[in-house]
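Please open the model in your viewer and keep the sequence panel beside it. The stops below are meant to be selected one after another.

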Amino acid sequence: MALIRRVSSSFPRVVGFGNRSLYSLNSPCESLDSPTSSSFVHGIHVFHCPDAVGIVAKLSECIASRGGNILNADVFVPENKSVFHYRSQFLFDPCKWPRMQMDEDFLRISKLFNAWKSVVRVPDQDTKYKIAILASKHDHCLVDLLHQWQRGNLPVEITCVVSNHERAPNTHVMCFLERHGIAYHYLQTYNDNKREGEILELVKNTDFLVLARYMQVLSGDFLRSYGNDIINIHHGLLPSFKGSNPSKQAFNAGVKLIGATAHFVTEELDAGPIIEQMVERVSHRDNLQSFVQKSENLEKQCLTNAIKSYCELRVLPYEKNRTVVF
């Protein structure tokens, strides 16, 4: 993924900003935790359209005319491509700017610039994203997601956990799920039957899926039938170390840099658009246990960050198999 350069500037400098790649507009009231008034709520707007003069001005004018206040805005126009990517966070008074009116206002601008995508999200008012988690035997990512959700760090509703691995009723995961009323569905898979039809029925009302080290390859038919996004996590030892126990293979080979990648699932195995990546150094002082622990910690953090970015509308498509992550 290409690196995106960020240049911070105060809002007045936007006027006349020319040859730009990516820039951020920040108001003095940038903290989302410190709104200027208790009646104000936080909104997010994502806009994707052909590049043109005056887009930022129109979007800013729209928010300001309704009494809103932009906290920050990010714009990215790829080099040699007339494509405009935009994401803003703003405060507004829902009494002065009702949600229906907001949608109409942004729709009008969307039509004006022939936008491909214009999405508004108000986290305090909109329903949380409904997700299902698919997991196998390794449960470090599953356990971390459940605890992150319990602490309120993930703005999602977990509808169920689907697994091809049977867990005993007295395990930590099963006790947690039972305590919080989250269904666990064990579906044993076979080489000639991945139980995809049953999985589709279980997840049909979800907004997106999370593969928390789910060790089954989803077919193209499944992806097309489901229709929504699927986020996967895998360690950074591929493709050099495949098969059984890749961590031990990498450790024995003296690997010094490990990582994890969260990406969208496509029909091409582990090659979908990347959402998040993390790396960490290991050394001769690490034993196999600490090596594995560091690798699993990266997977947990990377997957959590990817889900947060997705829910906060920070991920935008950019060419084939590429994303803009604000």
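Two strands are said to pair if DSSP finds at least two bridges between them, and strands themselves (E, at least two residues), like helices (H or I, at least four residues), are DSSP runs numbered from the N terminus. This is a predicted model, in which local features need pLDDT of at least 70 and side-chain atom pairs count only at pLDDT 80 or more, while totals for chains, interfaces and linings use all residues. Residues are numbered from 1 along each chain as its sequence is written, and side-chain values use heavy atoms, with hydrogens and water left out.

Of its 326 residues, 46% are buried (under 20% relative accessible area, with a 1.4 Å probe and protein chains only). If you display contacts (heavy atoms within 4.5 Å) between residues at least 6 apart in sequence, 66% of them join residues at least 24 apart.

Next, select the open sheet of 7 strands, whose order is β9-β8-β7-β10-β11-β12-β13 and whose pairing is mixed. At its edges stand β9 (183–186) and β13 (274–281), each with a single partner strand, so one side of each has no neighbour in the sheet. From one strand to the next, the twist averages 20 degrees, where angles run from 0 to 180 degrees between the N-to-C directions of axes fitted to C-alpha atoms, for helices over the stretch in contact.

Now select β7 (residues 129–135) and β8 (residues 156–163), which run parallel and are joined by 7 bridges. Along this pair, Ile-131 stands opposite Ile-158 in β8, and Ala-135 stands opposite Ser-163 in β8.

Which strand does β7 pair with over 5 bridges? That partner is β10, and the pairing is in the parallel sense; here Leu-209 of β10 is the bridge partner of Ala-132. Because 6 of the 7 residues of β7 are buried, this strand is largely enclosed by the rest of the structure.

The chain passes from β7 through α3 to β8 in a right-handed β-α-β crossover, meaning that, with the strands pointing away from the viewer, the path from the first strand over the helix to the second runs clockwise. Finish by selecting helix α3 (residues 140–150), which lies across β7, β8, β10 (208–212) and β11 (229–235) and runs at about 160 degrees to β8.

Definitions and conventions: Buried < 20%, exposed > 50% of the residue type's maximum accessible area, 1.4 Å probe, protein only.
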